[in-house]
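Hello,

Here is the structure I promised to pass on. Please open it first, then read my notes beside it.

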Amino acid sequence: MGKQSKANECQGWLKALLKAEQFTFALLVLIVILASGGESWGLPRSGAEPIKNYQVSVVNADNNKMVVEEPSKSVPVGEAPKPSGEITKPEETPEPEETEQPEETTKPSGPKVWHKKIIRQFPGAGHKVAITFDDGPRPEWTERYLRVLEAKGARATFFVVGAQAPKNADLVRAILASGNEVGNHSWSHSFLGKVPEDVVRADISKSMEVLEKITGQPIKYFRPPYGSISPQLVAAAESLGVKTVTWSIDPRDWAKPLPEKIVNHVMNRVQNGSIILLHEGHPGTLVALPLLINKLQEKGYELVTLSELLSGQ
Ligand SMILES: [Zn+2]
């Protein structure tokens, strides 16, 4: 009995000793990881720089060669888009559209007559598509898109934010001078589908005035920020003689998908008369643009302005 008890006691001690050894070893490993900052163990250091996951490639229109540039800012991996319901002040960078489908503020119970006035695509356009860029003009970006478009023999429509236009008037004129089109993306870049008709009208009108003064041409199309629409908004635009244009393809480029994903999203959905939504200011979009144009042209699509796309309407 005594012998057995002694053996059990020994076994207990041995187990406890083993556990203590395992614990000590784990503690040592933890100390080494912390001391090395986690780097040598493949762990991210807190406060590390965002990972630059790609560089920007731009087609140089002069010699038609690819030029690799350092992005003006690195792209943090996995950064969440910033949903914002706040009205953007004129000097601030506007937030991109957030909705796959344009957001309706008012759900009409009757037939959606006003809905039919919104241009989303134009299947009767033949083998043509329209690329559109929202949220410019932007000094570091607009000219880059223009160079790519010119080098590829493509045209696009730039929906510019009125409040950003006066200080970038040269860029607005450069859009037109290169055969592209300027559209109105509101003055304030706010949720205009949620405000009364007179407020929408004042906003669209202010932006139109500024843009027409800069370009010397009438502005024909209005794109509501965030795709926020309402019967009042469509009526306000109509009363000012502009058509409300949304889109039929949205690769959500503002969420920083890989350039290939942007291209594939569009190519999987494109058809005659598609209107493609892109945004200024995103490195991935700039990288995707020449690839996207190549693919569309390989499929026989002509890339045109909205006026050209809708000319047969
Ligand atoms: Zn926008």
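**Helix H2 and its buried face**

Start with helix H2, residues 142–152. Its buried residues are Thr142, Tyr145, Leu146, Val148 and Leu149. Look down the axis of H2: these buried residues fall within an arc of 165°, so they line one face of the helix. Just after H2 comes Gly153, with a positive phi of about 65°. Keep in mind that this is a predicted model.

Now go to helix H3, residues 169–177, and pick out Leu171. Is Leu171 buried or exposed? The cut-off for buried is 20 or more other C-beta atoms within 10 Å. Leu171 has 21 within that distance, so it is buried. Which residues does Leu171 touch, leaving out those up to four places away in sequence? They are Pro137, Pro139, Thr142 and Glu143. Thr142 is also one of the buried residues of H2. Glu143 lies 28 residues from Leu171 along the chain, yet their C-alpha atoms are separated by 7.3 Å.

**The whole chain**

Step back for a moment. The chain has 313 residues, and 40% of them are buried. Its secondary structure comes to eight helices and 11 strands. Take the contacts between residues at least 6 apart in sequence: 78% of them join residues at least 24 apart.

**The largest nonpolar core**

In soluble globular proteins, nonpolar side chains tend to be buried together. Here, the largest nonpolar core holds 66 residues. Which members touch the most others? Leu211 and Ile276 do. Helix H7, residues 283–298, gives the most to this core, with seven residues.

Setting aside residues up to four places away in sequence, Leu211 touches Val160, Gly162, Ala165, Val172, Val182, Asn184 and Ile219.

**H4 against H5**

One helix pair is left. Two packed helices are described by the angle between their axes and the distance between the axes. Helix H4 (residues 197–215) packs against helix H5 (residues 231–239) at an angle of about 45°, and their axes are 8 Å apart.

Over to you.

Notes. Residues numbered from 1 in each chain as written. Predicted model: local features only at pLDDT ≥ 70, side-chain atom pairs only at ≥ 80, totals over all residues. Buried ≥ 20, exposed ≤ 12 C-beta atoms within 10 Å, placed from the backbone. Helix = DSSP H or I, 4+ residues; strand = E, 2+ residues; numbered from the N terminus. Arc of directions from axis to C-beta. Core = buried A, V, L, I, M, F, W, Y, C linked by C-beta atoms within 7 Å. Contact = placed C-beta atoms within 7 Å. Axes fitted to C-alpha atoms, helices over the stretch in contact; angles between N-to-C directions.
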